[in-house]
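Colleague: I have not looked at this model before. Please take me through how its features are read.

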Amino acid sequence: VRPILEKPLADEEPRGYSGLVTTRKTFGVVGGAPTWCVRPERAMTPPLGTTTTTTTSELPGRCRHRTLEETPFGGDTRRLSSPPERSAGCYFLGRAYGDDEAETSAEWRRHLASTLYFSYRCGFEEMAPYGYVDDAGWGCMLRSSQMLMAAALLRHVGDARRHQVVRWFADAPGDVAVYSIHNLVRVGMKYDKLPGEWYGPGVAAHVFKDLCEMHDRALGGLKLAMVVTSPEAPLCEDEVLDEMTADSATPAEDAVCSASSSEEDDDDDAGTTTVPSGSTQEDDGQTYDPLLRPPPATAADIARAQRLEAAKEARRSRLDSAPWPRALLVVTPLRAGLAKIEPKFVAPLLACVSWPQSLGFVGGRPRQALFFAGADCRRRVVLGLDPHVVQTSPGLGPGFLSEAHLASLVCLNPRKIHVDALDPSLAFGFYCRDRAEFVDLCDRLRGLRALSDPPLVEVLDGPRADCGSGVFGGPTTVLGEDDCEALCVLGPGVEAPTTTTLDDDDVDDEYVVV
């Protein structure tokens with residue numbers, strides 16, 4: 001807080017939070033940090049005949065000094081209303097903030113005000129046949145995930161298309177509001193989640209992945225790919241690079257891959273067998289041993305090996321230099337402990353929030369999810385946008401983009417929670433616009449190995465044998481054309497899709513197998 005060398009006015013009105021009032025007088029420096037006066041609000045006069053005991057600290061007008069170190073961000077211990085300090089390692093959506101208050105304050109407030117805030121809504125169109133017209137009490141994880149997805153889309157399409165992004169999250173069924181609560185609930189049924197049930201971070205991430213694929217494929221080409229990792233399918237750098245540059249594969253590379261596949265099929269059909277170790281075979285009067293004296297390679301074998309080597313070089317060149325036609329959103333659900341976050345994972349968690357690719361993370365407490373967009377790394381405090389506020393839903397009517405509704409999408413007082421108080425089940429989001437940002441993200445994730453063992457997030461250079469179908473396949477259920485059409489006409493009378501059980505650790509966070 002900037003010291004203001006002025007005396008407080010005699011008729012100054014109380015200001016501040018938590019029953020504390022800050023005056024505008026500075027009393028100097030304590031311990032090398034500027035201080036300001038904090039006094040309780042004026043106490044009400046007790047009734048006549050009432051005996052009260054008043055301590056010195058409770059006397060009206062008495063002041064006690066509090067340094068900037070005692071109150072993080074120089075504000076209330078629960079609500080943030082002023083910009084953080086760069087020296088404290090403060091970040092918001094991957095952006096660091098300096099200690100020049102004249103510039104940081106305006107920049108901080110602009111960044112905070114530009115972040116879309118979604119909370120509980122009531123009065124939207126009924127979710128037939130379940131009868132829900134609000135999501136109060138059960139939709140906090142979906143709302144928090146909406147905020148993370150909106151932050152990624154705003155970074156992807158730019159603030160010039162802000163109103164279009166807002167429409168994508170309107171509380172209405174249909175293809176205009178792709179990420180509406182109605183469409184989220186419908187896709188959630190594929191993962192055995194009904195309206196009114198609480199979602200975990202992993203299930204919510206897979207729901208958004210399905211909608212993002214539908215948005216990119218069937219609704220105009222969003223040009224945004226989304227991958228969701230898991231302990232069974234960790235992030236694999238080569239796999240992502242291969243998928244993102246698949247359109248640039250050369251014909252020679254495709255021909256070699258096709259030929260290799262056909263040769264393997266022919267070998268399987270022919271039922272070829274290998275010579276056991278130690279046996280000999282006669283060929284043109286020569287005796288060969290599979291281990292000590294293998295037979296010489298034929299011309300066909302040499303040509304095939306050369307083609308495979310050329311294909312490997314072409315693939316490596318494609319992964320390193322081919323342009324990306326789409327950006328990438330990486331969501332990493334994880335569990336950083338059992339009942340609470342283990343101390344060894346605190347430093348990696350705060351490091352992830354500080355990276356330029358960071359979109360924050362969704363988490364919080366059991367049955368109480370928030371979207372954490374920033375952190376004070378030195379004080380181990382995270383800043384969260386709390387969706388547990390019920391507001392009226394305007395739908396997609398004429399008043400949807402009204403000034404009142406747009407104002408309801410802004411939260412200027414994020415909550416501040418210590419990392420130790422968080423539930424260990426959470427999901428990080430990272431946005432990579434191109435290859436350079438993705439490679440940098442993988443290098444940063446590998447650096448987490450030096451902070452904890454095992455690392456908070458695992459990243460692989462190449463595919464692993466036990467990784468299942470990878471991050472582009474995984475347990476998620478890809479929406480088909482029929483599902484896309486059903487989402488576009490979602491409303492009363494639409495049958496619920498068949499359910500698909502998701503093998504995820506956070507499907508039910510109430511039970512943990514040790």
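Colleague: Which residues have the most contacts inside the largest nonpolar core?

Modeller: Some ground rules come before that. This is a predicted model, in which local features need pLDDT of at least 70 and side-chain atom pairs count only at pLDDT 80 or more, while totals for chains, interfaces and linings use all residues. Residues are numbered from 1 along each chain as its sequence is written, and side-chain values use heavy atoms, with hydrogens and water left out. A nonpolar core is a set of buried Ala, Val, Leu, Ile, Met, Phe, Trp, Tyr and Cys residues joined through side-chain atoms within 4.5 Å. Buried means under 20% relative accessible area, exposed over 50%, and partly exposed in between, with a 1.4 Å probe and protein chains only. Here the largest core has 67 residues, and Met149, Leu153, Phe169, Tyr179 and Leu224 have the most contacts inside it. Helix 2 (residues 140–157) gives the most to this core, 12 residues. Helices (H or I, at least four residues) and strands (E, at least two) are DSSP runs, numbered from the N terminus.

Colleague: What does Tyr179 touch?

Modeller: A contact means heavy atoms within 4.5 Å. Leaving aside residues up to four places away in sequence, the partners of Tyr179 include Met149, Leu153, Phe169, Phe208 and His215.

Colleague: Is helix 5 mostly covered or mostly uncovered?

Modeller: Helix 5 (residues 201–218) is mostly covered, with 16 of its 18 residues buried. The expected span of a helix is 1.5 Å times one less than its number of residues. From first C-alpha to last, helix 5 reaches 26 Å, close to the 26 Å expected.

Colleague: What is the strand order in the open sheet of 3 strands?

Modeller: Two strands pair if DSSP finds at least two bridges between them. The order is 8-7-17, with mixed pairing. Strand 8 (132–134) and strand 17 (391–392) are at the edges, each with a single partner strand, so one side of each has no neighbour in the sheet.
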